Amino acid sequence: MEKRIGIIGIIIQERKDAAPKVNEMLGTFGELVVGRIGLPYKDRGVSVIGLIVESTTDELGALTGKLGMIQGVRVKSLMV
């Protein structure tokens, strides 16, 4: 299966509980990540993470699916 470039947007609403789980999951799938930016958005009470990945659609689906199952986390992705 062909690897493609993708973007993943992650919003963390429950930082104290969810952030360690998100970081653990990103470490597990670390070989897919090309770049990462993370910002606390204190006015909204959330943290925002943007990822650039190179992966197959199956790998992207596995990562985003597992992230989306974490309480307090919302995930959207796009592949080109």
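This is a chat about the predicted model shown above.

User: Which strands pair with S1, and in what sense?

Analyst: In this predicted model, S1 runs antiparallel to S3, with nine bridges joining the two. S1 also pairs with S4 in the antiparallel sense, over seven bridges.

User: Which residues stand opposite each other there?

Analyst: Gly9 stands opposite Gly50 in S3. On the S4 side, Gly6 stands opposite Met79.

User: And where does S2 go, which strand does S2 pair with?

Analyst: S2, residues 33–41, pairs with S3 in the antiparallel sense over eight bridges. S2 and S3 make a hairpin, with four residues between them.

User: Which residue in that turn has a positive phi?

Analyst: Gly45, with a phi of about 70°.

User: Back to Gly50. What does Gly50 touch?

Analyst: Leaving out residues up to four places away in sequence, Gly50 touches Ile8, Gly35, Arg36 and Ile37. Ile37 is also a bridge partner of Gly50, and Gly50 itself is in strand S3.

User: Is Gly50 buried or partly exposed?

Analyst: Partly exposed, because its relative accessibility is 25%, and buried means under 20%.

User: How far is Gly50 from Lys76?

Analyst: Their C-alpha atoms are separated by 10.0 Å, and the two residues are 26 apart along the chain.

User: Changing topic, how many residues are in the largest nonpolar core, and which have the most contacts inside it?

Analyst: The largest nonpolar core has 20 residues. Those with the most contacts inside it are Ile8, Ile10, Ile12, Val22, Leu67 and Val73.

User: Which elements give two or more residues to this core?

Analyst: Strands S1 (4–12), S3 (46–55) and S4 (73–79), along with helices H1 (15–28) and H2 (57–68).

User: Which one gives the most?

Analyst: H1, with five residues.

User: Pick Val22. What does Val22 touch, not counting residues up to four places away?

Analyst: Val22 touches Ile12, Ile49, Leu67, Ile70 and Val73. Of these, Ile12, Leu67 and Val73 are also among the residues with the most contacts inside the core.

User: What about Thr64, buried or exposed?

Analyst: Thr64 counts as buried, because its relative accessibility is 16%. Thr64 sits in helix H2. Leaving aside neighbours within four places in sequence, Thr64 is in contact with Ile8, Val75 and Ser77.

User: Take Ile7. Where is Ile7 found?

Analyst: In strand S1. At 48% relative accessibility, Ile7 counts as partly exposed, because exposed means over 50%.

User: How many salt bridges does the structure hold?

Analyst: One. The side chains of Glu59 and Lys3 meet at 3.7 Å, N to O. Glu59 lies in helix H2 and Lys3 in the segment before S1, so the pair ties together parts 56 residues apart in sequence.

User: Is Glu59 buried or partly exposed? And Lys3?

Analyst: Glu59 counts as partly exposed, at 26% relative accessibility. Lys3 also counts as partly exposed, at 43%.

Notes. Residues numbered from 1 in each chain as written. Predicted model: local features only at pLDDT ≥ 70, side-chain atom pairs only at ≥ 80, totals over all residues. Heavy atoms only, no water. Core = buried A, V, L, I, M, F, W, Y, C linked by side-chain atoms within 4.5 Å. Buried < 20%, exposed > 50% of the residue type's maximum accessible area, 1.4 Å probe, protein only. Contact = heavy atoms within 4.5 Å. Pairing = 2+ DSSP bridges. Salt bridge = Lys/Arg side-chain N within 4 Å of Asp/Glu carboxyl O.
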